[in-house]
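Subject: The structure we talked about

Hi,

Here is the structure for you to look at. Open it first, then read my notes below with it on your screen.

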Amino acid sequence: MPIRLIALDLDGTLVNSRWEISEKDVQALAAASERGIQVVIVTGRRPRAAAPYVARIPFPVTTITSNGALIRTASGEVAYQNFLPRDVALKVLETVRTLRPYTVVILDLPGRGQVTMEDCAIPAGPLGWYLRTSLDHLLLVPKLETAVRSDPVQIMIGGPPQDIAAAETLLRESPVGADVQLTWTKYPQRNIAIFDIMNHGCSKGQALKFWAQQCGIPASEIMAMGDNFNDLEMLEFAGLPVLMGNHIIGLHRPGWEITTPCDESGVACAIERFVLKA
């Protein structure tokens, strides 16, 4: 079947190690769009963190952000959201209280407070990232629970892998573990890991499935591309899963295709091979 929708992760897939989108990738996406193929960005980034990269694509695209928690159409309308219920979020915070220096509550707010951490946050965790890139959205509070006045988008724990590894065990062995979706994004070469805690059933794959059904596009006509563990459900859903050459060890499944690394315009190579020449 011909491909009618291309689902693309950002970091490590469309965005290379220099934090750029190559001109070759842009041209390939434009060529696919000219053939009537829909392009959907599917990222773990929150909407405002994804926006600078989405803006580099020379045509409107639908975005699935925060690992599937929110879908915005190409015209900017919210088509779907699956946030973490407030009562569940509070239980999560209690369960992982020993990891407060690395814990972030992501809220659906336009400005300061969109990313909220406790005063005890340390630069080795997400605080260091936000001080460099999102100072206008960052809020530090004495106690995270006081900031959770509505359903947060998600809770995230990030930092050196050895410092936050206990998060998964704490949650899976707790009563609240059955109410949440847990996923890792790991960057061994940078000594960084991100542990996302979302509402049960919330994933890139579920959000992509919802959008595909809205568009009347079967999974067999979707090509998905990714490089990390948070892309797993999306890749499993797509009829044509394609891994980047720089994909994390342990992600590959039998029968999945592999393209060149993101630093070698792997997105363009896959589009040319599986879409434009097909």
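Let's start with a word you'll need: a residue counts as buried if its relative accessible area is under 20%, as exposed if that is over 50%, and as partly exposed in between, using a 1.4 Å probe and protein chains only. By that rule, 56% of the 278 residues in the protein chain are buried.

Two notes on where this comes from. It's a predicted model, so to speak with care: local features need pLDDT of at least 70, side-chain atom pairs count only at pLDDT 80 or more, and totals for chains, interfaces and linings use all residues. Residues are numbered from 1 along each chain as its sequence is written, and side-chain values use heavy atoms, with hydrogens and water left out.

**The whole chain**

The protein chain has 9 helices and 14 strands; these are DSSP runs numbered from the N terminus, with helices being H or I of at least four residues and strands E of at least two. Its radius of gyration is 18 Å, close to the 19 Å from the globule rule for 278 residues, so the chain is as compact as a globular protein of that length. (That radius is taken over C-alpha atoms, and the rule is 2.2 Å times the number of residues to the power 0.38.) Along the principal axes, the C-alpha atoms fill a box of roughly 55 × 35 × 35 Å.

Now for contacts, meaning heavy atoms within 4.5 Å. Of those between residues at least 6 apart in sequence, 60% join residues at least 24 apart. As for charge, there are 25 positive and 29 negative side chains, and the centres of the two sets lie 2 Å apart. Here Lys and Arg count as positive, Asp and Glu as negative, while His and the chain ends are not counted; each charge is placed at NZ of Lys, CZ of Arg, CG of Asp or CD of Glu.

**Aromatic pairs**

Rings of Phe, Tyr and Trp (its six-membered ring) pair if their centres lie within 6.5 Å; planes under 30 degrees apart are stacked, over 60 edge-to-face, and the rest tilted. How many aromatic pairs does that give? The count is 2.

In one, the ring centres of Tyr80 and Phe210 are 4.7 Å apart with planes at 35°, so the pair is tilted. It links distant parts of the chain: Tyr80 is in strand 5 (residues 78–81) and Phe210 in helix 7 (residues 204–215), 130 residues apart. Tyr80 is buried at 18% relative accessible area, whereas Phe210 is partly exposed at 23%.

Trp184 and Phe195 have ring centres 4.5 Å apart and planes at 40°, so this pair is tilted too. Trp184 sits in strand 10 (residues 180–187) and Phe195 in strand 11 (residues 192–199), so the pair ties together parts 11 residues apart in sequence. Both Trp184 and Phe195 are buried.

**Some buried spots**

In helix 4 (residues 126–133), Pro126, Leu127, Gly128, Trp129 and Tyr130 are buried. Their cover includes strand 6 (103–106), strand 7 (115–118), strand 8 (138–141), strand 9 (154–159) and strand 11.

Gly159 belongs to strand 9 and is buried, with a relative accessible area of 1%. Leaving aside neighbours within four places in sequence, Gly159 contacts several residues, including Tyr102, Trp129 and Ile192.

Finally, Thr62 is in strand 3 (residues 62–65) and is buried at 4% relative accessible area.

Enjoy exploring!
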